[in-house]
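Biologist: I am new to this structure and would like a close look at its sheets and at the helices packed around them. Please take me through that part step by step.

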Amino acid sequence: MKLYAISDLHVGYEVNREAFASMARHPDDWLAIVGDVGETIEQLEYVLRIACERFHRVLWVPGNHDLWVTGDHVDSLEKLRHLEEACREAGVLRQPGLIDSGDSMIQVVPLDSWYHEPEDSDDTLFVGRNGDELWRDAWADYRRVRWPGNSMGGGIFEYMAESNRGFRRHAQQVPVVTFSHFLPRRELLRGPTAEPRSRTSEPRHVFNFSRVAGSRAIDRDLRSLDSRVHVYGHQHRNRDRLIEGVRYVSHCLGYPAERDRAHIVDLEQGPIQIWDAAGGLRTRCL
């Protein structure tokens with residue numbers, strides 16, 4: 001029995017759709033899909049159908065692309081309700097679960113979230129840089145995500161994370177693995193440095209991604225659960241780092257052009273293994 005994870009499938013791209021469809025079967029194992037499956041309900045249903053056919057259990061958290069308004073949806077919250085209904089019909093887990101092999105157990109906890117911009121909260125991951133005034137034209141969420149103006153309470157992040165508030169660590173104090181689409185720490189914005197031409201060197205985003213990267217509130221939530229491993233997505237840069245006792249893993253498929261240009265590197269074949277019943281939590285870190 002194993003736990004795997006992957007994010008940013010973006011199956012609107014045919015080559016990504018084919019890559020996901022060719023994924024091997026893991027009938028005894030669990031899969032966490034960590035946001036940005038695609039932009040339509042049909043794309044999510046396609047992915048969930050295949051994932052549920054090939055894995056024992058599937059978890060999902062929403063990403064920003066998942067909430068782009070398409071078709072007849074009035075706004076992103078209405079679309080989120082339809083996405084959650086698709087999860088219920090497919091039997092996809094949206095609440096904490098326990099993976100129990102008989103000899104070994106872990107608790108898995110999906111954390112819904114959003115990003116804090118610098119105008120929103122001190123929890124923002126924003127780091128200023130020259131040319132930051134160009135950020136709005138480059139970020140499609142401002143055109144494609146639509147929030148109702150009078151029902152967000154304390155803000156988008158607080159609304160999205162409200163369902164996490166009642167989550168508690170399992171009574172048996174088993175190891176915890178958490179998931180969020182968005183980044184929980186500023187340190188994850190940049191990867192390890194490397195010599196020129198190395199496959200592990202990486203370009204900067206053409207706009208200031210830190211403005212919409214995530215929130216430090218995610219890190220507080222995962223640490224309050226005593227998470228040992230946290231899996232995230234969104235950035236389209238693969239990471240595997242140990243910071244203050246927590247292993248942070250990003251393992252995304254991303255856009256075909258990013259893989260062609262080696263912007264996304266160290267991509268194993270298919271989802272990455274996070275845990276197995278025989279060996280416990282994997283500890284490989286860069």
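Modeller: Happy to. Two strands pair if DSSP finds at least two bridges between them; helices (H or I, at least four residues) and strands (E, at least two) are DSSP runs numbered from the N terminus. This is a predicted model, in which local features need pLDDT of at least 70 and side-chain atom pairs count only at pLDDT 80 or more, while totals for chains, interfaces and linings use all residues. Residues are numbered from 1 along each chain as its sequence is written, and side-chain values use heavy atoms, with hydrogens and water left out.

The chain has a mean pLDDT (the predictor's confidence in each residue, from 0 to 100) of 88, with 87% of its residues at 70 or more. Residues 193-200 have a pLDDT below 50, and this stretch makes 8 contacts (heavy atoms within 4.5 Å) beyond near neighbours in sequence.

Let us begin with an open sheet of 5 strands, which follow the order β3-β2-β1-β10-β11 with mixed pairing. At its edges stand β3 (55-61) and β11 (280-281), each with a single partner strand, so one side of each has no neighbour in the sheet. Further in, β1 (residues 2-6) and β2 (residues 26-34) run parallel and are joined by 4 bridges. You can find one end of this pairing at I6, whose bridge partner in β2 is I33.

Now look at helix α2, which lies across β2 and β3 and runs at about 150° to β3; axes are lines fitted to C-alpha atoms, for helices over the stretch in contact, with angles from 0 to 180 degrees between N-to-C directions.

Helix α1 (residues 14-21) packs with α2 at about 20°, the axes being 10 Å apart. That makes α1 roughly parallel to α2 (under 35 degrees; over 145 is roughly antiparallel, 65 to 115 roughly perpendicular and the rest oblique). Residues R17, F20 and A21 of α1 meet Y46, V47, I50, A51 and R54 of α2. By class this contact holds 6 nonpolar, no polar and 2 charged residues (Ala, Val, Leu, Ile, Met, Phe, Trp, Tyr, Cys and Pro count as nonpolar, Asp, Glu, Lys and Arg as charged, and the others, Gly among them, as polar).

Helix α2 (residues 41-54) also meets helix α3 (residues 76-90): their axes come within 10 Å and cross at roughly 20°. That makes α2 roughly parallel to α3. From α2, the residues I41, L44, E45, L48 and C52 meet K79, H82, L83, A86, C87 and A90 of α3. Here the classes are 8 nonpolar, 1 polar and 2 charged residues.

The handedness is worth a look too: α1 and α2 cross in a left-handed way, whereas α2 passes α3 in a right-handed crossing. Left-handed means the near helix is turned anticlockwise from the far one by less than a right angle, and right-handed means clockwise.

To finish, turn to the open sheet of 6 strands, ordered β4-β5-β6-β7-β9-β8, again with mixed pairing. Its edges are β4 (97-100) and β8 (239-243), each with a single partner strand, so one side of each is left without a neighbour in the sheet. On average, neighbouring strands here are turned by 20° against each other, direction ignored. Strands β6 (residues 176-179) and β7 (residues 227-232) run parallel, joined by 4 bridges, and V177 has V229 in β7 as its bridge partner. By contrast, β8 and β9 run antiparallel with 5 bridges, and D240 stands opposite V249 in β9. This pair forms a hairpin with 2 residues between the strands, and E244 in the turn has a positive phi of about 50°.
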